[in-house]
Amino acid sequence: MPQSWYQNAVFYELYVRAFYDSNRDGHGDLRGVMQKLDYLQFLGVDCIWLLPIYPSPLKDDGYDIADFYGVHPDYGTLEDFRELVEAAHARGIRVITDLVLNHTSDQHPWFQAARADRNSPYRDYYVWSDTDQRYKDARIIFLDVEKSNWTWDEQAGQYYWHRFYSSQPDLNYDNPAVQEEMLNVARFWLELGVDGFRVDAPPYLFEREGTNCENLPETHAFLKTFRAFVEQINPEALLLSEANQWPEDVRAYFGDGDEMHMNFHFPLMPRLFQALAQKDRTPIVEILARTPDLPPGCQWATFLRCHDELTLEMVSPEVRQFMWDFYAPEPRMRLNLGIRRRLAPLLDNDRGKIELLYSLLFTLPGAPTLYYGDEIGMGDNIWLPDRDGLRTPMQWDDSPHAGFTAADVTPYAPVIDDPVFGYRQVNVARQMADPHSLLHTIRDMIRIRKAHPAFGEPGLTWLPAPHEVAAFLREGADETLISLNNLSDRPQRVQLPSGRFASLFDGSLIDGAYTLPPYGHWWGKVVA
Ligand code: NOJ
């Protein structure tokens with residue numbers, strides 16, 4: 001079966017506010033993204049995923065939507081959006097947008113009407129209760145802030161249900177009108193030209209007593225309806241879902257190939273970091289062994305970091321503690337059940353370790369997703385509130401505000417300005433000019449990854465190797481690829497399978513055995 005566009009695509013997650021400010025108001029905007037499309041084309045990504053761009057009071061950076069049919073004025077207009085999509089398409093880059101199905105902002109007119117009047121048709125758009133004792137088995141996700149999934153609303157005289165911040169009331173999917181509203185929202189954006197959606201928080205759409213209110217059959221039934229609807233409008237559109245669940249529970253989100261096309265592999269992500277910390281591939285081997293096969297036409301989205309904390313929900317309490325101790329020694333680095341740090345600081349800004357994790361990201365099964373700024377090794381600012389420290393302005397050059405906005409403007413958040421990760425040291429212009437920079441290396445990796453569609457195929461074969469090494473074959477219709485990755489700070493010798501292998505980077509040939517330098521990686525293909 002031929003691969004669909006997303007199965008071997010490289011995704012780039014982009015926070016519009018942080019990318020480039022085209023109109024000198026301190027906030028990145030859609031026209032700013034448009035002006036930087038050449039950069040994204042240079043990097044070689046296939047699809048950009050935009051964090052929510054809707055009107056919003058921004059209590060959760062736009063994941064609290066006040067109007068599903070508009071663009072936040074900081075970002076521009078619907079016309080700007082349409083132009084951005086056209087300009088991206090002209091460069092062969094697709095665009096998907098975040099779609100938040102589960103909840104709205106408490107400022108959304110639906111919620112305003114619902115809380116104001118018990119008899120409003122919008123009352124039943126949300127989940128109300130006279131007590132806060134229902135659905136006790138549902139966990140609290142934003143543990144550091146919320147104490148309950150119920151919040152008392154004075155005006156409504158009832159409690160309302162929310163899985164995230166109390167400013168994000170959950171929609172009531174038992175109400176067919178809500179389902180229809182969200183289908184209409186999808187239609188609107190598809191007709192504007194988007195190539196699909198990153199579907200936010202799908203596990204929580206329905207609530208049922210006596211369950212943890214996640215992954216319910218009713219939720220899957222709606223998502224199948226949603227998929228059929230989307231497919232009817234654009235058969236090529238992608239649904240990339242964010243079910244942060246164990247592999248066996250995520251499997252249901254793919255249905256029989258009739259639900260989500262992709263889902264992030266949340267359990268794999270922390271294990272890449274764990275394997276590196278423990279110099280042992282075992283966590284990766286175990287989680288991939290526990291990862292079920294997908295129906296044809298589906299794919300995992302893999303990632304190292306994203307706009308949220310590095311979540312440790314999908315590891316045991318012991319591993320979580322280990323990861324906190326290892327990667328978040330300073331309490332301020334921890335948030336909820338995770339770690340609020342970017343890739344380069346997590347890895348001590350060690351080029352070998354950074355490249356090694358990218359090597360795993362690009363050669364393991366799944367479609368890789370990069371987080372803006374990580375391709376140049378940007379730093380973070382743990383002292384900003386919530387996850388803001390991971391969302392600072394993109395560092396374009398060494399001019400004031402990193403070239404993100406004009407010199408006389410105050411950016412929405414301080415640019416990173418420390419001696420190691422500050423914009424004078426870490427910026428795109430500098431790395432563009434240096435052929436040995438991280439940016440050039442990542443660009444090369446993307447180019448090679450895309451030139452070998454076998455990387456987009458499912459499955460892998462582990463090769464015998466010391467436990468410090470992740471060595472595996474990836475088989476495609478036309479070629480067999482090999483990826484060798486040394487998770488340790490010592491050289492490691494790997495016995496190769498019989499045959500000869502040509503480096504995908506420079507064509508050099510190896511056979512017999514190969515010694516990887518500390519944190520070294522080697523990608524090749526079988527030539528004989
Ligand atoms: C998941 C998003 O990634 C996160 O940033 C957001 O806060 C929650 N969903 C709620 O929408």
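The legends below describe close-up views of a predicted model.

Residues are numbered from 1 along each chain as its sequence is written, and side-chain values use heavy atoms, with hydrogens and water left out. Because the model is predicted, local features need pLDDT of at least 70 and side-chain atom pairs count only at pLDDT 80 or more, while totals for chains, interfaces and linings use all residues.

**View 1**
A polar side-chain atom of D60 is 2.5 Å from an oxygen atom of the ligand. For D200, an N or O atom in the side chain lies 2.8 Å from an oxygen atom of the ligand. A polar side-chain atom of H307 is also found 2.8 Å from an oxygen atom of the ligand. On its own the ligand has 300 Å² of accessible area, and the protein covers 97% of this (areas come from the Shrake-Rupley method with a 1.4 Å probe). The ligand sits in the largest cavity. A cavity is a set of points, on a 1 Å grid over the protein atoms alone, where a 1.4 Å probe fits but cannot get out; a molecule sits in a cavity if more than half of its atoms lie within 2 Å of its grid points.

T104 is in the loop between β3 (94-100) and α5 (109-116) (helices are DSSP runs of H or I with at least four residues, strands are runs of E with at least two, and both are numbered from the N terminus). T104 counts as buried because its relative accessible area is 0% (buried means under 20%, with a 1.4 Å probe and protein chains only). The side chains of T104 and Y126 make a polar contact at 2.8 Å. A polar contact is a pair of N or O atoms within 3.5 Å; within protein, one must be able to donate a hydrogen and the other to accept it, and residues adjacent in sequence count only if both atoms are side-chain atoms. Leaving aside neighbours within four places in sequence, T104 is in contact with I65, F68, W110, Y126, S167, Q168, P169 and L171 (contact means heavy atoms within 4.5 Å). T104 and P169 are 65 residues apart in sequence, with 6.0 Å between their C-alpha atoms.

**View 1. Y253 and its partner N215.**
Y253 belongs to the loop between α8 (247-250) and β9 (262-264). With a relative accessibility of 0%, Y253 is buried. A polar contact of 2.6 Å joins the side chain of Y253 to the side chain of N215. Apart from residues up to four places away in sequence, Y253 touches P202, P203, N215, H220, L223, S241, A243, E259 and M260. Between the C-alpha atoms of Y253 and P202 there are 8.9 Å, and the two residues are 51 apart in sequence.

**View 2. F206 in a loop.**
F206 lies in the loop between β7 (196-200) and α7 (217-233). Its relative accessibility is 4%, so F206 counts as buried. Beyond neighbours within four places in sequence, the contacts of F206 are Y173, D174, Q179, C213, L216, E218, T219 and F222.

**View 3. I284 in helix α10.**
I284 is part of helix α10 (residues 282-289). At 0% relative accessibility, I284 is buried. Not counting residues up to four places away in sequence, I284 touches L268, R271, L272, A275, L360, L364 and W462.

**View 4. Q7 before strand β1.**
Q7 is in the segment before β1 (11-14). Q7 counts as buried, at 10% relative accessibility. The side chain of Q7 reaches the backbone nitrogen of S4 at 2.7 Å. Among the contacts of Q7, leaving aside neighbours within four places in sequence, are G297, C298, Q299 and R449.

**View 5. T151 in strand β5.**
T151 is in strand β5 (residues 150-153). Its side chain makes a polar contact of 2.7 Å with the side chain of H162. With neighbours within four places in sequence left aside, T151 is in contact with Q158, Y159, Y160, H162 and S166.

Key. Buried means under 20% relative accessible area, exposed over 50%, partly exposed in between (1.4 Å probe, protein chains only). On a 1 Å grid over the protein atoms alone, a cavity is a set of points where a 1.4 Å probe fits but cannot get out, and a pocket is an open set with protein on both sides within 12 Å along at least five of seven lines; lining residues have an atom within 4 Å of a point.
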